[in-house]
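Please keep the structure in view while reading.

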There are 4 protein chains.
Amino acid sequence: MPQKVTPDASRRSETARRAILAAALDLVGEVGYAKLTIEGIAAAAGVGKQTIYRWWPSKGSLLFDAFLTLATDGQEDQAAALPDTGDVMADLKMVLRATVAELNEPRYDQPMRALHTEIVHDPALAADYAKRLDEPMRELKKDRLRAAQRAGQVAEDVDLDVAVDMLFGPILNRWLQRTGPLTPEYADRVVETALRGLQPRKAEQF
Amino acid sequence: MPQKVTPDASRRSETARRAILAAALDLVGEVGYAKLTIEGIAAAAGVGKQTIYRWWPSKGSLLFDAFLTLATDGQEDQAAALPDTGDVMADLKMVLRATVAELNEPRYDQPMRALHTEIVHDPALAADYAKRLDEPMRELKKDRLRAAQRAGQVAEDVDLDVAVDMLFGPILNRWLQRTGPLTPEYADRVVETALRGLQPRKAEQF
Amino acid sequence: MPQKVTPDASRRSETARRAILAAALDLVGEVGYAKLTIEGIAAAAGVGKQTIYRWWPSKGSLLFDAFLTLATDGQEDQAAALPDTGDVMADLKMVLRATVAELNEPRYDQPMRALHTEIVHDPALAADYAKRLDEPMRELKKDRLRAAQRAGQVAEDVDLDVAVDMLFGPILNRWLQRTGPLTPEYADRVVETALRGLQPRKAEQF
Amino acid sequence: MPQKVTPDASRRSETARRAILAAALDLVGEVGYAKLTIEGIAAAAGVGKQTIYRWWPSKGSLLFDAFLTLATDGQEDQAAALPDTGDVMADLKMVLRATVAELNEPRYDQPMRALHTEIVHDPALAADYAKRLDEPMRELKKDRLRAAQRAGQVAEDVDLDVAVDMLFGPILNRWLQRTGPLTPEYADRVVETALRGLQPRKAEQF
DNA sequence: TTCTAAGCGAGACGGTACGTCACGTCTTGTC
DNA sequence: GACAAGACGTGACGTACCGTCTCGCTTAGAA
């Protein structure tokens, strides 16, 4: 017999839910991930701790929801597609510059770091993240690259997942590990290098 | 009255130091990062808590030292250089496959995840990591790429830091975020894609 | 706006009332007073918590009602009078032995202890107890003693309240505080000692 | 293997111990037993909760110690003996009046009620109470009655334990249950009735 | 070689947060 | 409108660790 009954979601207080997510974001920004406590979130949200424990299995999943809210808010249409001016390099530079800008945005910095920490140690959360945040974004990126393939700007035999990793992985790592400054210029360089490849070319086509 | 006396390193017990580092590695492997406690490490090492607090300013720096021990042990010469058979693609595949293998090694997995978590939230530790672990490895990688440049296998105008990030970033990210399986084949694909670039070529050269 | 509406007793569910009282008695016997909770009683009775809070102001008063039910059940005539065989000592021994037997009865033990605990800390409940449980029983006891006075077996100038206290107080205390075994023999001894008094007699009259 | 290691009493902080006992007494007097919390005591004593849990297994045993402190403080010689003027009735009246006065003393009232509540539900604590508080007092009372027996003022065949119960039981009950006012006159009446007994006498001797 | 001051193990201490339990109130839908 | 159900804000529970602080006990380097 299951002893942990699922609560009745239909009775859930929307007010409380929103207050909790907002408080979580505010607090992680203020005090950082290390000092982020459930107790603190509950207090800041004017909510009982139990109301948090009732609806979220872990701090990580709360953080995840909070982050989703942050990412989704304001963009109802939810980013239909990446820009396509016909020039794949220019478009990619724009996207990577936007990514860099977002990561440098204080409002996003702490929550994203917190979320990444949880993901690293919680495979279930990682799966959720992969499915609900990474996957959609990745598809948009792959869509743009597919268009570039059709336009003859990206080789047909390129594994687009690898391509996406190669474009965004360096950015994310540099941000997480602070191995160097995360600038628009760096984003440009990554795009250029990824597109052209490391090997020299006999005949330039650019 | 001075309240923070620098301890006299000459009197430091080497036995205790080693026991603590070993216990930290063992424990992080057994119980994971989230349940890793100073108290637990002290108990496992048969050591007083104060002995830990005396020599390490934070759990992260202890983890860092423990990790250093792990990485250094057994390889006295400390990895003189990366292999250079003259074929840069083959060599890079070997190195990335080795990296993948290491990340998949259970003995390394938990400690590295723990260390990365600390790095994400502690800039000072991140600087230490960049300087003492990332930097030396990065130099070796750049050395190999420089050799490839001299051999005409890598373009002269490539930013080698970007190149290294583009090769290893995808691997590290996939491991940290579990966005996909981390296989030798994936490593190969990354190397191939990075070398050739995403753009098509007018005249194939290989 | 009125916030405390008196509930309409005519609509009260007799089924729920009985289920609650029965559940309270069962539970206090099973888990003891310390772990007796309103939530537990409601669950055991298959009743909403509000139904309890609607009809009882405190756990003590619920316990009191439950205890009344227990004491009243089965004896419809409600103990018309104490036995009167003409021999006051024999009769009192019988009554005290019955009291001892009841207190040793597991079914009564926990509920009575629980009730006494509440009484000790709740003067209002104590008054209720005194009026509705203690008083009637005390009157029966005093009636028997009055009969004994008329029969010349008890002195005319004895304060009957004191007499009752002196007979039943020791029993109750020994039970509550477990200062010694609560046996029928002890009951006999109390009766004998109370009747004869502590002082020696010049001429025995037994 | 026992997992609950006994703490090292030699390292115990006397300051903390005293602060806790004092805070417990203060608080139980201020807020009453029902609202007495470990957390509150710890806060009032300026002590961590763990320090209480480390040294006392239950709230009851803490209350017991606190009460012992209260009862012992100031009377170093610890009540050598009860008064013996040669007149047992007068002496007993004095003792019972003192008992009544103590029970009516606000400083003692709440702590004693609290302690009694715990005793009622905790046999182990009851045994402790019987041994360390009840027993010594009982012996003093029995000593006085034994002297009275030697003086021919109390019958030789009286069970002194029963006698003590008969004298003090009524007082304690009336106080706990508030079945009536607890006055010096009531104490006198109990003594008189207990000594003379309920039965009439053929030849009065006093 | 003795003294003495440091590091050491142990662990008690004042704290903070944990995750759970029950409180008493409130709301929702059923009878 | 009483009822079963149960979510809510509140607050205490007892536990786990935090980082600091003594305690004796070795154990080395200066006297």
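In this predicted model, a polar side-chain atom of Tyr53(A) lies 2.5 Å from a phosphate oxygen of DNA strand E. The side chain of Arg11(A) places an N or O atom 2.9 Å from a sugar or linking oxygen of DNA strand E. In chain C, a polar backbone atom of Glu39(C) is 2.9 Å from a phosphate oxygen of DNA strand E.

On the protein side, the surface near DNA strand E has 15 charged, 13 polar and eleven nonpolar residues. At least two residues each are supplied by H2 (38-45) and H3 (49-55) of chain A, H3 (49-55) of chain B, H2 (38-45) and H3 (49-55) of chain C, and H3 (49-55) of chain D. Of the elements concerned, H3(D) gives the most, with five residues.

A phosphate oxygen of DNA strand F has a polar side-chain atom of Arg54(A) at 3.0 Å. Sugar or phosphate makes up 66% of the atoms of DNA strand F within 4 Å of the protein, with bases making up the rest. The surface near DNA strand F consists of 16 charged, twelve polar and ten nonpolar residues. H3 of chain A, H2 (38-45) and H3 of chain B, H3 of chain C, and H2 and H3 of chain D each provide at least two residues of that surface.

One residue of chain D may be considered separately. Lys35(D) sits in the loop between H1 (14-31) and H2 (38-45) of chain D. Lys35(D) counts as exposed because its relative accessibility is 64%, and the threshold for exposed is over 50%. The C-alpha atoms of Lys35(D) and Arg11(D) are separated by 31 Å, the two residues being 24 residues apart along the chain.

The size of an interface is often given as the accessible area lost when the parts come together. Chain C and chain D bury about 4500 Å² between them, with 60% of it on carbon and sulfur atoms. Within chain C, the residues that lose the most area to chain D are Gln177(C), Leu198(C) and Gln199(C), together 17% of what that side buries. The contact draws 49 residues from chain C and 50 residues from chain D.

Polar groups also meet across this interface. Two salt bridges are counted between chain C and chain D; Arg174(C) and Asp165(D) meet through their side chains in a salt bridge, at 3.5 Å from N to O. Twelve residue pairs are in polar contact across the interface. On the side of chain C that touches chain D, H6 (106-121), H7 (123-150), H8 (160-177) and H9 (184-196) of chain C give two or more residues. H8(C) contributes the largest share of that side, twelve residues.

Methods. Residues are numbered from 1 along each chain as its sequence is written. Chains are lettered from A and ligands numbered from 1 in the order in which they are written. This is a predicted model: local features need pLDDT of at least 70, side-chain atom pairs count only at pLDDT 80 or more; totals for chains, interfaces and linings use all residues. Side-chain values use heavy atoms; hydrogens and water are left out. Contact means heavy atoms within 4.5 Å. Buried area is the accessible area (1.4 Å probe) that two parts lose on being put together, summed over both. A salt bridge is a side-chain nitrogen of Lys or Arg within 4 Å of a carboxyl oxygen of Asp or Glu. A polar contact is a pair of N or O atoms within 3.5 Å; within protein, one must be able to donate a hydrogen and the other to accept it, and residues adjacent in sequence count only if both atoms are side-chain atoms. Helices (H or I, at least four residues) and strands (E, at least two) are DSSP runs, numbered from the N terminus. Ala, Val, Leu, Ile, Met, Phe, Trp, Tyr, Cys and Pro count as nonpolar, Asp, Glu, Lys and Arg as charged, and the others, Gly among them, as polar. Buried means under 20% relative accessible area, exposed over 50%, partly exposed in between (1.4 Å probe, protein chains only). A residue is near a molecule or strand if one of its heavy atoms lies within 4 Å of it.
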